[in-house]
Amino acid sequence: MLKETIYSLKAPYRDELRISGYRFGQGEKAACIIGSIRGNEVQQLYVCSQLIKALKELEAHGSIVSGKEILVIPSVNHYSMNIGKRFWAVDNTDINRMFPGYDKGETTQRIAAGVFEEAKEYSYGIQFASFYMPGDFVPHVRMMETGYQSASLANLFGLPYVVIRKPRPIDTTTLNYNWQLWETNAFSVYTKETDDIDEISAKQAVSAVLRFLTRMGVIRYNSHSGYIANVILEDELTSVHSDEAGIFHRFKGPGEEVHRGDVIAEVLDPYEGDVISQIIAPTEGIIFFSHKKPLITQRDIVCKIIRRLHE
Amino acid sequence: MIETVTSVKLPVDESLLIQKNRMEPLELTGREKRMTIVTGTHGDELEGQFVCYEVLRRIRENMDCLKGIVDVFPALNPLGIDSITRGIPQFDLDMNRIFPGSQEGVFTEYVAAEVVNDIAGSDLCVDVHASNIYLREMPQIRISENTATKLIPYAKLMNVDFVWVHAAATVLESTLAHSLNMMGVPTLVVEMGVGMRITKEYCYQLVDGIFNVMSELGIWTGEVNPVREPYVSVDEEVGFVNADASGIFVPAVPIWSYVEEGGHIGDILNPLTGLIEHRMEAPCTGTVFTLREYPIVYHGSLIARVLGGVKIC
Ligand SMILES: [Zn+2]
């Protein structure tokens, strides 16, 4: 293992921002793995730390395939993490919306360019990501439909679901999208949490990455075979909205099965405690994404359901 | 007449309201042209507040000169404006990156869709922005190159100092202006002044331009102040100055000044050592139309933009 500073930036008064990379093995650029890019992605940082720990052990046992190099960048924006912010603290820009970056541009464009310079040209790119809507997910691998994506490769992570997202204009500046344009097979791995650590899904994510690297011939690791993934198009998920605002009580969370007519959640009057709305499942299926916060705004998404295919 | 275009209930005893003021002639013929003025997508940009006020004030005082419909939306992002937040509080995406919105999306996307619906059918829309809290901008209109032919004639009527025709970028396809332009509503994006402040002279300048264009469209028959002819530039003419060090920036020239290539624009200082970290110089000879207002800078922070080869100040 080789630890190095892949990018650094001086601040007016704060300690220098150092972005660290851990290299395992030597040779062909096989896989690049990136952890937290936003300051609240603590789970993503944790997953990466566990992965680095596992790779250190594998390397010590000679289990990195010779001629293959893995680069792990556990954290990009700890400058924000250290002060409790999600985005770049000076101008609130999102580094994950600055790719491929520009080395003569604004600060966050320069950071993105510095990271991308190191992260590109690998065969596989894996990012532990978080979504723009707060809430929790069934662990899954997400890919952008760029024309270069390969769902069959995403299957090899052995996570229960692979989600294909049609990129919107705003997605064209993410790491995942730009990796694909630069001919890296890019995958975003979503676990259950972001701001908090969830051990179970973190372990699942580490195993998924090790399983994938094994199947791609980058490491040698004995793993159980995982799931055979269901490939879903994001646009085909059924969004269930809240017709009311107030205190949110959830009855069904990610991974749970629902039947048409089931009460998924209810909204209470925030002053009087009465149930003002019951959120009913419009279809049979499995909850893929779910609102988690104790308060809900009218029209917010309560959950997204993967419809049963036999319907 | 003040109308609520859309509303969404917030968790505790409050509704998010998007309101507009529709000014129309006392007697309608049904053939009136309609112009829409919007601002406040970015909650920290306030120059448009005075513009909206002044447009409505001038119309109110001469209602008999109003021959068309003027819709004024002073606050597309009321939660942001009232909490000094650029974006929509608790929402990750910049509001100007979620248009045309969606009835199926989260409430912010729903609000965006309702706003677009309401503006649809206007003969012209002006979206007033005020840079951000870091940079001051001379009054300018920004146009994507793929809409230039259609929009430049309108932009020339607006009394701005110049018009910047920039390259199209996929990410900008989710702005309000792009969405409206694609729907056939010619929409001009004005950038002027600086965040969190109101610069009255810029506001009066733009309001004169708005009445000039209203007069051209047949919406206004009242007197119109003379307007200036803007300089129309393309990307190649714009030189960028980005900080080469982190520290405290102090300018050496005022905005809208003419500088020679290599001329002194300002310095990045280190108050701990008492030394100059970096002397910032002009990349080309021309006019400074963007200048850093907020002193704290990092490597890369934008310091200035220079319109190369042009002396228009
Ligand atoms: Zn703006």
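With which residue does R250(A) form a salt bridge? The partner is D136(A), and the closest N and O atoms of the pair are 2.9 Å apart. The model is predicted.

**Domains of chain A**

- Chain A is divided into domain 1, covering 2-233, and domain 2, covering 237-307.
- Between the C-alpha centres of domain 1 of chain A and domain 2 of chain A the separation is 31 Å.
- On each side of this contact there are 14 residues: 14 from domain 1 of chain A and 14 from domain 2 of chain A.
- The two domains of chain A bury about 1200 Å² between them, and carbon and sulfur atoms account for 69% of that area.
- M133(A), D136(A) and V138(A) together supply 41% of the area that domain 1 of chain A buries against domain 2 of chain A, more than any other three residues.
- Two salt bridges are found across the interface of the two domains of chain A, along with four residue pairs in polar contact, both residues of each pair being at pLDDT 80 or more.
- On the side of domain 1 of chain A that touches domain 2 of chain A, the elements giving two or more residues are β6 (136-137), β7 (140-144), β8 (161-165) and β10 (230-233) of chain A.
- That side of domain 1 of chain A has nine nonpolar, two polar and three charged residues.

**Contact between chain A and chain B**

- Chain A gives 41 residues to the contact and chain B gives 37.
- About 3200 Å² is buried between chain A and chain B, with 59% of it from carbon and sulfur atoms.
- P12(A), Y132(A) and R299(A) supply 18% of the area that chain A buries against chain B, more than any other three residues.
- Three salt bridges are counted between chain A and chain B.
- K9(B) forms a salt bridge with E244(A), where the closest N and O atoms are 2.9 Å apart.
- The interface of chain A and chain B also holds 14 residue pairs in polar contact, with both residues at pLDDT 80 or more.
- At least two residues each of the side of chain A that touches chain B come from α3 (107-119), β11 (238-241) and β17 (295-296) of chain A.
- By class, this side of chain A has 19 nonpolar, nine polar and 13 charged residues.

**Strand pairing in chain B**

- An open sheet of four strands has the order β14-β13-β11-β16 in chain B, with antiparallel pairing.
- Its edge strands are β14 (275-281) and β16 (296-297) of chain B, each pairing on one side only.
- Strand β11 (residues 247-251) of chain B pairs with β16(B) in the antiparallel sense over two bridges, and I248(B) has I296(B) as its bridge partner in β16(B).
- Eight bridges join strand β1 (residues 2-10) of chain B to strand β2 (residues 14-23) of chain B in the antiparallel sense, and T6(B) stands opposite I18(B) in β2(B).
- The hairpin formed by β1(B) and β2(B) has three residues between the strands, and D13(B) in the turn has a positive phi of about 55°.
- β2(B) also runs antiparallel to strand β4 (residues 69-73) of chain B, to which three bridges join β2(B); R22(B) stands opposite D71(B) in β4(B).

Note on methods
Residues numbered from 1 in each chain as written. Chains lettered and ligands numbered in written order. Predicted model: local features only at pLDDT ≥ 70, side-chain atom pairs only at ≥ 80, totals over all residues. Heavy atoms only, no water. Domains from an automatic or database assignment. Contact = heavy atoms within 4.5 Å. Buried area = accessible area lost by both parts, 1.4 Å probe. Salt bridge = Lys/Arg side-chain N within 4 Å of Asp/Glu carboxyl O. Polar contact = N/O pair within 3.5 Å; in protein donor to acceptor, adjacent residues only side chain to side chain. Nonpolar A, V, L, I, M, F, W, Y, C, P; charged D, E, K, R; others polar. Pairing = 2+ DSSP bridges.
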